[in-house]
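Please go through this model with the sequence and the coordinates side by side. The account moves from the whole chain to single residues.

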Amino acid sequence: MKTIRILISAGVIAWFVSPAEAETPLERGTYLMNGPAACANCHSPINADGTPVPGKELSGRLVDDNEAFTAYGSNLTPDEETGIGAWTDEQIITAIREGKRPDGTIIGPPMPIGLYRGISDADARAIVAYLRALPPVKNAVPKSTYRISLPPSYGPPVGEVASPEPGATAEYGAYLAGPVAHCMECHTPMGPQGPDFANRLGAGGFEFHGPWGVSVTSNLTPHEDGIAGYSDEDLVAMITTGTRPDGTRMLPPMGYGYYANIKQDDLKAIIAYLRTLPAQPDPQ
């Protein structure tokens, strides 16, 4: 229930609702999906130049084909036959945070389920509100195939996850760069059982193969190999435009077009968090 406050000043009584409280789940979900979460970066069909295909938002596509797997981003539109229109809200949230479909099958990589387990209850519901509001798109997407073993689960059922306090803080930046935007999933070298968060968090070195060639994720730690030499303004420009300070362009699959919509305080929070990471050299 929204809190209504009364302001009495100079004999004038004003009724207002604070901006954070006024934000509806759909508004929050729209911001997350078109900003830091950028789910369409993997789930929307793209043209050869990497731009989204108009009218096909979140209807699924081939994401990666490598030695370990051929992965397709599923159709997330509310089409009942080829999308998630027949799923309940709780089933959608379980798929996002626990990696389990309604039929009990496990969702494999590159979905960063380990990080998504930390998405707050409120943000999970906001994402569902956004998905429900999409126009249904009938697009049958092939099932992903894995040449590696998938875990039986990603852990016990996710219980209640409280919403962190928003603000331009490293603590909130950890939430945005981790569970929401999953930056650390792509920017951490692989270990024997996935990204080596324990020892090489944010050190980069992950390869992506696509129409653009091969891109290698950058070192995001405050090491001389990483972001130590960049100002906060440099980093904001790189995240939101894909342009380095020397004017050179960065490659996909970074979702620059989505990250351009991230609020300034949220960008500050992410950068503040990155500055706190243990400094790591580039992977050898």
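The model is a predicted one. Its secondary structure comprises 12 helices and nine strands. The C-alpha trace spans about 70 × 50 × 40 Å along the principal axes. A compact globule of 284 residues would have a radius of gyration near 19 Å, and the protein has 20 Å, so the two agree. Of the 284 residues, 39% count as buried. Among contacts with a separation of 6 or more, 58% are between residues 24 or more positions apart.

The accessible surface comes to about 15100 Å², and carbon and sulfur atoms account for 58% of that area. As for charge, there are 20 positive and 32 negative side chains, with the centres of the two sets 5 Å apart.

Helix H12 covers residues 264–276. How far apart are its end C-alpha atoms, and what span should its 13 residues have? At 1.5 Å a residue the helix should span 18 Å; the end C-alpha atoms are 19 Å apart, and therefore the model agrees with the expectation. The buried residues of H12 are Asp266, Leu267, Ala269, Ile270, Ile271, Tyr273 and Leu274. An α-helix has 3.6 residues a turn, so residues three or four places apart point the same way. The cover over the buried residues of H12 includes helix H2 (25–34), helix H7 (170–180), helix H8 (183–186) and helix H10 (232–241).

The phi angle of histidine 182 is near 45 degrees, a positive value in a residue other than glycine. Is this residue buried or exposed? Histidine 182 has 16% relative accessibility and therefore counts as buried, the cut-off being under 20%.

Leucine 58 also has a positive phi, near 60 degrees, and is likewise a residue other than glycine. Its place is in the loop between helix H3 (40–43) and strand E3 (61–65). Leucine 58 counts as buried because its relative accessibility is 1%.

The remaining backbone details concern peptide bonds between prolines. Proline 109 and proline 110 are joined by a cis peptide bond with omega about 10 degrees. Proline 110 sits in the loop between helix H4 (89–98) and helix H5 (113–116). A cis peptide bond also joins proline 252 and proline 253, again with omega about 10 degrees. The loop holding proline 253 runs between H10 and helix H11 (256–259); H10 is one of the helices that cover the buried residues of H12.

Definitions and conventions
Residues numbered from 1 in each chain as written. Predicted model: local features only at pLDDT ≥ 70, side-chain atom pairs only at ≥ 80, totals over all residues. Heavy atoms only, no water. Helix = DSSP H or I, 4+ residues; strand = E, 2+ residues; numbered from the N terminus. Expected span 1.5 Å × (residues − 1). Buried < 20%, exposed > 50% of the residue type's maximum accessible area, 1.4 Å probe, protein only. Contact = heavy atoms within 4.5 Å. Rg over C-alpha atoms; globule rule 2.2 N^0.38 Å. Areas by Shrake-Rupley, 256 points an atom, 1.4 Å probe, with all protein chains shown as cover. Lys, Arg positive; Asp, Glu negative; His and termini not counted. Charge placed at Lys NZ, Arg CZ, Asp CG, Glu CD.
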